[in-house]
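Subject: A structure for you to look at

Hi there,

Here is the structure I promised you. Have a look at it first, and then read my notes below.

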Amino acid sequence: MTENADLTPSDIAAVLDRAADGGRITPEEALALYRHAPLHALGAAADAARRKRYAGTEHIATYIIERNINYTNSCVTACKFCAFYAPPKSDKVWTRPLDDILRRCAETVELGGTQIMFQGGHHPDYGVEYYEEHFSAIKKEFPQLVIHSLGASEVEHMSRISGVSAEEAIRRIHAAGLDSFAGAGAELLPARPRRAIAPLKESGERWLEIMELAHNLGVESTSTMLMGTGETNAERIEHLRMIRDVQDRTGGFRAFIPYTYQPENNHLKGRTQATIFEYLRMISIARLFLDNVAHIQGSWLTTGKEIGQLSLHYGADDLGSIMLEENVVSSAGAKHRSNRMEIIDLIRKAGRVPAQRTTTYEHIVVHDDPANDPVDDRVVSHLSSTAIEGGTAHPELKLLDAR
Ligand code: SF4
């Protein structure tokens with residue numbers, strides 16, 4: 001992709017005005033804005049587009065309470081940016097038994113969580129049957145929990161292990177209890193950067209093909225982007241274009257969630273992270289370019305709470321989750337932790353009214369009166385722990401006290 005090199009400042013202002021008003025912009029225009037639009041003007045246009053989309057509820061910013069449950073770190077795919085996995089024959093491999101997983105679900109329910117994100121490596125033996133067994137067991141005991149988990153990469157892997165088509169894999173895990181895909185594994189969709197960081201993963205085209213298939217089977221998803229492993233600006237915009245094209249056909253991506261690469265404990269160690277400015281520019285350009293994706297999520301986990309807060313002024317309408325447990329991004333160095341009261345306070349201080357949401361973005365409770373704020377101080381994001389007093393961390397993973 002080449003940008004429109006001859007865009008003048010007034011051309012850029014005109015493109016920003018059109019996008020702020022909800023008009024579609026081309027990939028070339030998006031690249032020009034991403035590179036050259038003044039940051040404040042980009043943010044203002046994205047915020048205007050957000051307000052227009054959410055007219056009537058534009059004063060609200062949402063969060064969700066969920067738990068990431070990591071079922072194994074065994075993985076045959078060996079992505080270079082990943083600090084979580086262990087090769088299958090390594091003595092560092094662990095798997096989490098079903099009763100432990102169910103206990104973590106029980107804690108999630110007790111703490112007011114509504115969603116679990118089942119997340120793990122590409123285990124050499126885990127086919128469709130493994131996920132069917134686990135999802136149906138979770139749904140049997142906790143029908144109120146939404147299973148928003150996995151992504152196209154896991155579908156590709158499990159269907160290969162079980163010798164079935166991706167379509168059959170999706171149908172079966174959906175029938176067993178999977179509600180929606182979390183869109184993991186998108187990383188960077190264009191071929192060059194994807195091969196550089198995840199050479200054993202399916203291609204970006206295949207990732208999108210499986211997500212499109214899922215959408216057509218009634219399983220919606222979110223979409224993600226990993227920034228900062230050496231991709232170019234043009235490749236970032238190409239990633240957005242690939243998502244937007246599928247979304248034009250399916251409408252199945254509920255949200256777009258960019259996050260920044262964390263450089264510790266992996267094979268890319270030392271490579272440059274995306275800067276905070278690049279991240280904020282991406283939040284804004286996503287809001288403007290992805291005119292067909294409803295929600296843009298700010299990520300306080302990888303960029304920090306203040307930047308998460310700032311993202312609400314650059315086009316984001318949601319701050320994602322208070323993760324009662326998270327191990328994957330944390331393993332690579334993301335050490336930001338928060339709790340429910342702090343997230344509510346952050347959103348309020350950003351000038352918005354906080355609201356807890358469901359997976360499908362309905363408001364569960366709108367915190368419009370501080371006097372009625374929740375007071376349960378156990379709703380805290382943790383690393384590798386059980387969230388309730390007396391719980392035990394997995395021995396391979398460190399327990400940090402987040403309080
Ligand atoms: S990112 Fe996922 S697929 Fe890649 S190595 Fe890590 S656990 Fe495996």
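Before the notes, one definition: two strands count as paired if DSSP finds at least two bridges between them. Please also keep in mind that this is a predicted model.

**The sheet**

Let's start with the strands. In general, strands of a sheet pair through backbone hydrogen bonds, either parallel or antiparallel. Here, three strands make up an open sheet with the order β4-β5-β6, and their pairing is parallel. Its edge strands are β4 (221-227) and β6 (295-296), each of which pairs on one side only. Look for A255, which stands opposite H295 in β6.

**Around the ligand**

Next, which residues surround the ligand? They are C75, T77, A78, C79, C82, F84, Y85, G121, H122 and S153. Sorted by class, this shell has six nonpolar and four polar residues, with no charged ones.

Three of these names also turn up in a record: an unreviewed UniProt entry lists C75, C79 and C82 under "binding site". C75 lies in the loop between β1 (60-70) and α4 (98-110), and C82 has its place in the loop between β1 and α4 too.

Is C75 buried or exposed? A residue needs 20 or more other C-beta atoms within 10 Å of its own to be called buried. C75 has 22 C-beta neighbours inside 10 Å, so it counts as buried. C82 also counts as buried, because it has 22 C-beta neighbours inside 10 Å. Leaving aside residues up to four places away in sequence, C75 touches Y85, G121, H122 and H123.

**Helix α9**

Helix α9 runs over residues 204-216 and has 13 residues, so at 1.5 Å a residue it should span 18 Å. The C-alpha atoms at its ends are 18 Å apart, which agrees. When you do this yourself, multiply 1.5 Å by one less than the number of residues.

Which residues of α9 are buried? They are G204, W207, L208, I210, M211, L213 and A214. An α-helix has 3.6 residues a turn, so residues three or four places apart point the same way. The buried residues of α9 pack against α6 (152-162), α7 (166-176), α8 (191-197), β4 and α10 (233-250). After α9 comes G218, with a positive phi near 90 degrees.

Enjoy exploring!

Best wishes

Conventions: Residues are numbered from 1 along each chain as its sequence is written. This is a predicted model: local features need pLDDT of at least 70, side-chain atom pairs count only at pLDDT 80 or more; totals for chains, interfaces and linings use all residues. UniProt positions are given in the numbering used here, feature names are shortened, and annotations may be inferred rather than shown by experiment. Helices (H or I, at least four residues) and strands (E, at least two) are DSSP runs, numbered from the N terminus. A residue is buried if 20 or more other C-beta atoms lie within 10 Å of its own, exposed if 12 or fewer, and partly exposed in between; C-beta atoms are placed from the backbone. Two residues are in contact if their C-beta atoms, placed from the backbone, lie within 7 Å. A residue is near a molecule or strand if its C-beta atom, placed from the backbone, lies within 6 Å of it. Ala, Val, Leu, Ile, Met, Phe, Trp, Tyr, Cys and Pro count as nonpolar, Asp, Glu, Lys and Arg as charged, and the others, Gly among them, as polar.
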